[in-house]
Amino acid sequence: MPSSGNSYKVRLLLSLLDLPCEIVDCEDATLEIAQARADGRLPFGKVPVLELDSGRLLPESNAILLYLAQGSHLIPADPFHQAQMTAWMFWEQNQHEGVIAVRAALRNYPSRAHLVTPERLADLLDRGHQILGMMEQHLSGRDWLVDGGMSLADICLYAYTHTAEERGGYDMARFPAIRRWCARIAALPGYQELFA
Ligand SMILES: N[C@@H](CCC(=O)N[C@@H](CS)C(=O)NCC(=O)O)C(=O)O
């Protein structure tokens with residue numbers, strides 16, 4: 001889904017690792033996504049989905065990242081660092097995405113307009129600033145989320161964080177360490193923008 005941060009995580013990883021893949025666009029509220037769902041190609045009803053050459057289907061953006069990055073430098077060899085990486089990836093789905101991505105979706109997708117109330121937007125703004133505050137505190141004095149170097153955790157959290165201001169309406173001036181971390185990722189060889 002070209003406008004989706006969850007889909008972008010996968011596109012960014014493919015580009016950073018220079019992995020070949022055919023991208024099939026299924027934008028929100030289009031015939032293409034309805035057809036993919038009807039054809040049984042979205043195991044959990046959502047995108048992204050990775051389809052292997054064997055025809056096996058893998059849903060969930062973070063599971064796809066873990067599968068595609070096996071053996072690469074983006075999965076730490078040290079078991080504790082690897083567990084820290086997965087902790088951030090669970091946190092992204094548990095805490096971050098359901099607030100930061102949801103506020104962006106409410107503001108940007110006409111299909112979600114009927115779900116918008118001023119109270120809901122205000123609550124998501126407040127909770128989002130708290131969540132971003134946690135990332136800010138962690139990234140102050142560190143280059144990457146996990147000790148030992150860049151990992152999938154950075155790709156995963158970058159997806160919705162780097163557009164939090166533009167799409168979500170969050171005040172990123174409050175979070176200089178996050179802005180420096182975003183610039184670090186955007187400078188990586190093979191980096192691809194959300195709308196490339
Ligand atoms: N936890 C899932 C979330 C997937 C998800 O919510 N996908 C959205 C796009 S971000 C989607 O499929 N939207 C279209 C729809 O629901 O019809 C993941 O990380 O892949």
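In the predicted model, E136 lies within helix α5, which spans residues 118–139. This glutamate is buried but takes part in no salt bridge. The nearest side chain of opposite charge belongs to R180, at a distance of 5.5 Å. When residues up to four places away in sequence are set aside, E136 touches R174, F175, P176, A177 and I178.

The protein chain is divided into two domains, with domain 1 covering residues 5–68 and domain 2 covering residues 79–186. Their C-alpha centres are 21 Å apart. At the interface, 15 residues of domain 1 are in contact with 17 residues of domain 2. The size of an interface is often expressed as the accessible area lost when the parts come together. Between domain 1 and domain 2, about 1200 Å² is buried, and 65% of this area is on carbon and sulfur atoms. On the side of domain 1, K9, D28 and N62 supply 31% of the area buried against domain 2, more than any other three residues.

Polar and charged pairs also occur across this interface. Two salt bridges are found between domain 1 and domain 2, together with eight residue pairs in polar contact. The elements that contribute two or more residues to the side of domain 1 touching domain 2 are α1 (5–17) and α3 (61–68). Of the elements on that side, α1 gives the most, with seven residues. A salt bridge also joins R112 and D28, whose closest N and O atoms are 3.0 Å apart.

Notes
Residues are numbered from 1 along each chain as its sequence is written. This is a predicted model: local features need pLDDT of at least 70, side-chain atom pairs count only at pLDDT 80 or more; totals for chains, interfaces and linings use all residues. Side-chain values use heavy atoms; hydrogens and water are left out. Helices (H or I, at least four residues) and strands (E, at least two) are DSSP runs, numbered from the N terminus. Buried means under 20% relative accessible area, exposed over 50%, partly exposed in between (1.4 Å probe, protein chains only). Lys and Arg count as positive and Asp and Glu as negative; His and the chain ends are not counted. A salt bridge is a side-chain nitrogen of Lys or Arg within 4 Å of a carboxyl oxygen of Asp or Glu. Contact means heavy atoms within 4.5 Å. Domain bounds come from an automatic or database domain assignment. Buried area is the accessible area (1.4 Å probe) that two parts lose on being put together, summed over both. A polar contact is a pair of N or O atoms within 3.5 Å; within protein, one must be able to donate a hydrogen and the other to accept it, and residues adjacent in sequence count only if both atoms are side-chain atoms.
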